[in-house]
Amino acid sequence: MEVVYMCEWEKRPKSNHRPSIPLVCAWSCRNLIAFTTDLKNEEDDKDLSHMIHIIDTEHPWDVYSINSGHTEVISCLEWDQSGSRLLSADGDGQIKCWAMTEHLVNSWESTQSSSVDGDPIVALSWLHNGVKLALHVEKSGSTNFGEKFSRVKFSPSLTLFGGKPMEGWLAVTVSGLVTVSLLKPNGTLLSASESLCRLRGRVALADIAFTGGGNIVVAATDGSSSSPVQFYKVCVSVVNEKCRIDTELLPSLFMRCTTDPVRKDKYPAVTHLKFLTRENSEQVLLCASSQMGSIVECWSLRKEGLPVNNIFQHRSPVVGEKQPMILKWRILSATNDLDRVSAVALPKLPISISNTDLKVASDTKFCPGLGLALAFHDGSIHILHRLSLHTMGMFYGTSGSSQRVGDEPAIKRQRAGGPTVHFKALQFSWTSLALVGVDNHGKLNMIRVSPSMGQMLDMNTLLRHLLFLLEYCMVTGYDWWDVLLHVQPSMVHNLVEKLHEEYMRQNQALQQVLSTRIVAVKASLCKLSSATAARACDFHAKLLLIAISSTLKSLLRPHVLNTPDKSPGDRLAEICAKNTDTDIDKVMINLKTEEFVLDGPPLQSLQQLIQWVGDFVLYLLSNLPNQGSIVRPGFGFLRDGPSLGMLREMMVMIRIWGLLKPGCLPIYTATSDNQDSMSLLFRLLTKLWLCCEYIQFNPIVLKSMCSKILESMCSIRNCHY
């Protein structure tokens, strides 16, 4: 582990900004990080504004700060499953939902809010949408994405008519109250509150998890290690347009450290309570602390046979009778005495923990998703195995270096006389390859976590691990910036080629879904190496080309009221693919002009997009003679038949629109007839497309083609090519 960057916020007056108590942060699947600080009024020290800051991990210098409007310190932040909305809750029971404005990361507004007046919120979560994937390390070598990342049967917390999941959130208050707010399809909010149990008590810590049957499980404790950790099942339903909450008491547990005579009074307070994963309510992590140290325990809920009294042992069993079972919490593992824990981060990667997957992960040294992070008051971070709690890696913030298990430090670290810098909030990325920590001075530290946790790997194994996680991001739609932290420039070419090979092995339906995602992944990979920078430009241009093509085709309408089997855009692609004629007018014979009448904005409003398409075709044609020696932007397009075919389709659309409205055509300053220019561009582009499709771009054809294209382009003296 090592520090990637550190944000100190030097532009802000240090006297006015200070960390919130408690400080919270959250990491979304879009690699956006939200965290809190308090802004102090210069005239009145007691007047505080509670701020929420949102940064993009790739551009941490651009910080968007929100004056939340909360009257008390913000206690919870929670992103939704799409990473586009954020919940914030405070110590006065106020909950606010923040959403992007016009899909812009640097613009947020409060869209909905709910409250439990005067009752501080201690736990907050969005309702589950029923989507759950399992990542199988055992199948990492499989060619089928469906085997690597299987869809787990999981029910939403609440469904609408037709099985569509209903959106909303759930919160637990300090007085033992559970409150639910549901977002109705018409945009209104439906809220209700209910006590967790008949006898309400103080809740100092709580966490929320979900079951496959659609139920919600809440874990709660009053903060004392000698008190039981209570678990409750919460069921949410809508009856007669009203939200109904039903609760049920589940088996509880006592921490083992309280039953140990040596540690009975050593750790009096429970400081951290978390389910290991939000989709698994049967495993929970507990941390008890004192001023001197902490201890961590991992518990699991299991079914056990109910013992029968000896009186009934000799009774002959009834046919079909089963032994009665009971749910009971059993301790999985526990640590020895540790330094005082200041923050805990749990992995978000849904790695399968079956015995086979765990064995393969151990053999291949694949560690993402298997470790949880503990931050200590001495400034260090330890990565522990999520089940056995043995140490996998260590990081010391004072030196910025990492250390593998078993290594002896060269120089003993000396404690400073004053208060040490330590992390108060800690969060893993969604692939567990990065860790963000906010310290007690408000500084944000981005830490890179090795896929092998510092163990030596050969290049092929490392490439396979990174490829596996990139494929996971493609399938889920999550951002892959944290994976790129571990890609070296020498790996880029191999990763791009292997990613393309795996993509081509999928079925056509999945390829269509992932078509734009794989182009975006390739573009971000190619930017990491100077040798592939030109290819990155090609991939970005292809993304823009796909967006323009989709926009223009979506505006077409059928020429008759009854919709045919194929849309006008599909028919255009089919006809252009079958017709290899270089004359644009002959291609247009099989098309009905009525289908290209826009069902939306006027043609003039699309002139800028049309101009870009025409200029891009000219750029490709003028750049063709330079491809023999130097790799320049555009080289990838000249070898990509589908992309050139997409350009041909748009040239046909532009020509037809030019007949309907000449003002929408591209503007060429030195030509007298724009339509003739479009015909010439189409002929040249078709030759290039045929060359790429059928002749495989051999050097002899390239040389003769370059001379003909240069002669033809002399009649289009524009755009400075």
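This is a predicted model: local features need pLDDT of at least 70, side-chain atom pairs count only at pLDDT 80 or more; totals for chains, interfaces and linings use all residues.
**Exercise 1. Decide whether S157 is buried or exposed, and name its contacts beyond four places in sequence.**

Solution. Start with the position: S157 sits in the loop that joins β13 (149-151) to β14 (167-173). The relative accessible area of S157 is 8%, and buried means under 20%, so S157 is buried. Leaving aside neighbours within four places in sequence, the contacts of S157 are L127, H128, F210, G214, I216 and V236.

**Exercise 2. Describe the phi angles and the accessibility of E102 and H103.**

Solution. As background, most residues other than glycine have a negative phi. E102, which is not a glycine, has a positive phi of about 55°, and H103, also not a glycine, has a positive phi of about 60°. E102 lies in the loop between β9 (94-101) and β10 (104-115), and H103 is placed in the loop between β9 and β10 as well. With relative accessibility of 66%, E102 counts as exposed, while H103, at 74%, likewise counts as exposed.

**Exercise 3. Work out how helix α3 and helix α5 cross, and which residues make the contact.**

Solution. The axes of α3 (residues 459-476) and α5 (residues 492-504) come within 10 Å and cross at roughly 55°. The two helices are therefore oblique to each other, and their crossing is right-handed. On the α3 side the contact is made by L463, L466, L467, L470, E471 and M474, and on the α5 side by N494, L495, K498, L499 and E502. Sorted by class, the residues of this contact are seven nonpolar, one polar and three charged.

**Exercise 4. Describe helix α7, and then its crossing with helix α12.**

Solution. Begin with the helix itself: α7 has 22 residues and reaches 32 Å from its first C-alpha to its last, which is close to the 32 Å expected at 1.5 Å a residue. Among the buried residues of α7 are A534, F539, L545, I548 and L552. The axes of α7 (residues 533-554) and α12 (residues 641-660) come within 11 Å and cross at roughly 40°. That makes α7 oblique to α12, and the crossing in which α7 passes α12 is left-handed. In the contact, K542, L545, I546, I548, S549, L552 and K553 of α7 meet S643, M646, L647, E649, M650, M653 and W657 of α12. These residues divide into nine nonpolar, two polar and three charged.

**Exercise 5. State how many helices and strands the protein has, and what share of its residues is buried.**

Solution. The secondary structure comes to 14 helices and 32 strands. Of the 721 residues in the protein, 50% are buried. Turning to contacts with a separation of 6 or more, residues 24 or more positions apart account for 61% of them.

Methods: Residues are numbered from 1 along each chain as its sequence is written. Side-chain values use heavy atoms; hydrogens and water are left out. Axes are lines fitted to C-alpha atoms, for helices over the stretch in contact, and angles run from 0 to 180 degrees between N-to-C directions. Helices (H or I, at least four residues) and strands (E, at least two) are DSSP runs, numbered from the N terminus. Angles under 35 degrees count as roughly parallel, over 145 as roughly antiparallel, 65 to 115 as roughly perpendicular and the rest as oblique. A crossing is left-handed if the near helix is turned anticlockwise from the far one by less than a right angle, and right-handed if clockwise. Contact means heavy atoms within 4.5 Å. Ala, Val, Leu, Ile, Met, Phe, Trp, Tyr, Cys and Pro count as nonpolar, Asp, Glu, Lys and Arg as charged, and the others, Gly among them, as polar. The expected span of a helix is 1.5 Å times one less than its number of residues. Buried means under 20% relative accessible area, exposed over 50%, partly exposed in between (1.4 Å probe, protein chains only).
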